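Please read them with the structure open beside the text.

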Amino acid sequence: MLLAALARNPALAPTTLRAWFTTESAMTRPAKPVTLDAPAPPERSKVWAVVHHEDSAAFVARLRAAGFPPGVIRGLVTARVNRRYDSQIRDLRDPDAATPFWKLKDGFYGEAHQRMEQTRELMQERARVARDLFADGFFANDEVSADQRRQFGRLSRSKIDILQRIEDDYSQMNSAVRAATGGINLPEDRAKLELLAREKLADLAAALTPEELADYRRRTSPITALLRDRSGGFEASEAEFHALFRVQENLNARISPGNFSLMDQGTRRVIHDQYLVELHTALGPARFADYVRESSDEFQQIVRLVERSNLPRELPVQVYDLRESIAIRSNQIFDDRTLDVQAKRDALQRLAQAGRQQILQVLGGIAGPSYLKITERWLPYLERGAAVSFARAQTLTFVTDSNRHSFGASPDFRFLPTPRP
Amino acid sequence: MKTFPFGLGATLAANFALLAVIAVAQWTSIAPLPAPSRAAQAPAPRAAPGPETWTALNSDQLFELSARLAAEGFPPWAVRAIVAAQVRERFSAQRKALEEAQAAVPYWRTVTFDPKLAAEFRALAREERSAVAGVLGRDPDSAPAIYLRRHFPGLAAEKLDRLIEMQERFGEQRQAVRDLQRGMTTPDDHEKLHQIDKAMRAEFATVLTAQELEDYDLRTSRVASSMRYQHGDFELTENEFRAVYRLKAEFDEQYPSWATRSVLDYERRAAAEKFISGQIALALGPERHEDYKRATDYSYRQASVLVARAGLPAETANSLFTTQREFEQRRDVIFAQPDSREVKISALRALHVEATGRLGGLLRNDPRLLAMYRENGGSWWARLASP
């Protein structure tokens, strides 16, 4: 039986004996694939193993060579860069799971401040790495994106690249200065930051014409960012924007970073009134009134409520005017010499109640109660015998490259004498 | 009959003999099979991928694309990134149209104020996300997934998956509220976000044990984060932290920091805050409570950084704080007197002069250090001069 098996398949026999079992026809028959002695055919390397590289620039090069289109390379490599940086950022921001909850640290000062600056640096570095990886013309669209147009205006691609490098470099240096402050700014810190600001301006001036520089500074100024955030639906013309810009610059000049938190109420009122006078002069009475309304936090909240309730678009102005009329009337009652204190108190309470009813009538059953929650910061004071004014209810903000400091945004009240028990 | 057993035995013997011959031949004449070489067994290095590689991988069908990529060894995150890039490409014309509308907005105006444009951007982002999720399902490395894995390192995978699903579902609800805010939060928005957080926590409670849930709150809740922010480097013990947390969590539930307050609410809140402070003092004991009050005082924390940066002895910060507390109490006594405004102002200014002398002694009588302290921790002192 064994002989028969070997004769049938000589390959089963050792080589030295194989010839004994191999017939002529078998010898001339093409050999079947050898399963015992010859090595297996090599497995093809998968595409990922061949294109992937730890170095991102090499990774990009391999993907390009493999015919991957720009959008896919950008998406893939950006995801890889993000994974690396996100992990480092999380280590700085998120609590370590191994640290007991009562030992976890947070805060603004000291070590926590340094972690904040390190996080900011990592985010900037990540953006820089991505820009450098995709700087090649293969990824451009010599087209400049909408965001870049807003930041850089009509500058060419090459000038935009130069400016971005300057911004990156100074951003890094500013971060290093801020990281060392521990969260407080001493005169020497401010001096360093001011020096860096002057040097940056010099570098920008070397890269741009005077007109380009003026335009770029306005576009990227923290004042412009502030005005953009605050203006709501004002829709300033270019001339009005320049006027608002100058008024804010004047406000900044009146407040120093060190003294901001130490200003007394009287000084703040004076500064506030100066700001309003300048704004009125710059915009004219009608547009001044529009700007004060549109930039008001309360008005912007009313706009949101009206939008969400799909109410007519003119309602926010109607509600705002109602608020103003209540405030004016409250002061008229307060100053009415024909009324005694109790009569004034009663009149103010009736005014407040009527005001609530009118708000509900104008805004309806959904937006109305929502707005009444917002009026809790002033309407109940009428019921307690106060007249309200919104003349200084705008938020005033002093802005630097790295921070905003605000005050104001509160109504003013005048209270009737408290009734004796 | 007798021949059968004989025949069988002969056959068997012959087979055994042949096997023996084969074995000997095998051992004596055939070299051992060469050990497989690495070179022979490792996949042959692929030639540098040619430009047709992407063409071969790509497909208009995203499911097919993702399957091909996976088959070629692309890790899940890379498959997701490529599919997302292809989805983005498909929507690029719509995106471009919206960006052109955005570019038409002057740089000094915000684009988010246009509700129609903002809504169209949001809708586009939602479509893109749905398209990717439709092919690849949930992202296992989403921000909520990573966050929860960090906070629950020992939790069973199945429980973790359920928490991740909840976190993502409630995250979408939060995002829907934020999408409508366009930078302005109304009291209703705060309330909605609060209710979403409460609902998520209630669902977490169906997965986690009471202890796991409390530990999660102690690590990640808004109240716990706020406590850490206030404490800075000051460290409570475990029991102290739990005790203070419970008191502050109760207070926050009743008087959340984001809630709009009426006049009456302000008064009730102030009274409740005073009560909670008393309870914290009882929980910590008098000595630890003094340490706690100092550590959570804003002026003290600023002054501590100033002392460190100025190279002053560390205990200077404590001395500054003790001086601050003494003069604040004396200031409050002046305010409480029935005197006229002018008399009070005069008394406060005299207090300012005295405080200046004491602070000078602590700060080397260095005008520069005094000026720095005034801006960083010394506002209480500056206000004595300008009441």
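1. Which residue takes a positive phi just after α16(B)? That residue is Gly311(B), with a phi of about 75°. Helices here are DSSP runs of H or I with at least four residues, strands are runs of E with at least two, and both are numbered from the N terminus.

2. Before going further, please note that this is a predicted model, in which local features need pLDDT of at least 70 and side-chain atom pairs count only at pLDDT 80 or more, while totals for chains, interfaces and linings use all residues. Residues are numbered from 1 along each chain as its sequence is written, and chains are lettered from A, and ligands numbered from 1, in the order in which they are written.

3. Chain A has 19 helices and 4 strands, whereas chain B has 20 helices and 0 strands. Buried residues, meaning those with 20 or more other C-beta atoms (placed from the backbone) within 10 Å of their own, make up 22% of the 421 residues in chain A and 19% of the 387 residues in chain B.

4. Chain B is divided into domain 1 (57-137), domain 2 (153-220), domain 3 (222-295) and domain 4 (298-385), with bounds that come from an automatic or database domain assignment. The C-alpha centres of domain 1 and domain 3 of chain B lie 45 Å apart.

5. Helix α16(B) has 13 residues and reaches 19 Å from its first C-alpha to its last, close to the 18 Å expected at 1.5 Å a residue, where the expected span is 1.5 Å times one less than the number of residues. Its buried residues include Tyr300(B), Arg301(B), Val305(B) and Leu306(B), and the buried residues of α16(B) pack against α15 (286-295), α17, α19 (367-375) and α20 (379-385) of chain B.

6. Helix α16 (residues 298-310) and helix α17 (residues 315-336) of chain B pack at an angle of about 145°, with their axes 9 Å apart; axes are lines fitted to C-alpha atoms over the stretch in contact, and angles run from 0 to 180 degrees between N-to-C directions. In α16(B), Ser299(B), Tyr300(B), Ala303(B), Ser304(B) and Val307(B) meet Thr316(B), Ala317(B), Leu320(B), Phe321(B) and Gln324(B) of α17(B), a contact requiring C-beta atoms, placed from the backbone, within 7 Å. By class, this contact has 6 nonpolar, 4 polar and no charged residues, with Ala, Val, Leu, Ile, Met, Phe, Trp, Tyr, Cys and Pro counted as nonpolar, Asp, Glu, Lys and Arg as charged, and the others, Gly among them, as polar.

Terms used. Two residues are in contact if their C-beta atoms, placed from the backbone, lie within 7 Å. A residue is buried if 20 or more other C-beta atoms lie within 10 Å of its own, exposed if 12 or fewer, and partly exposed in between; C-beta atoms are placed from the backbone.
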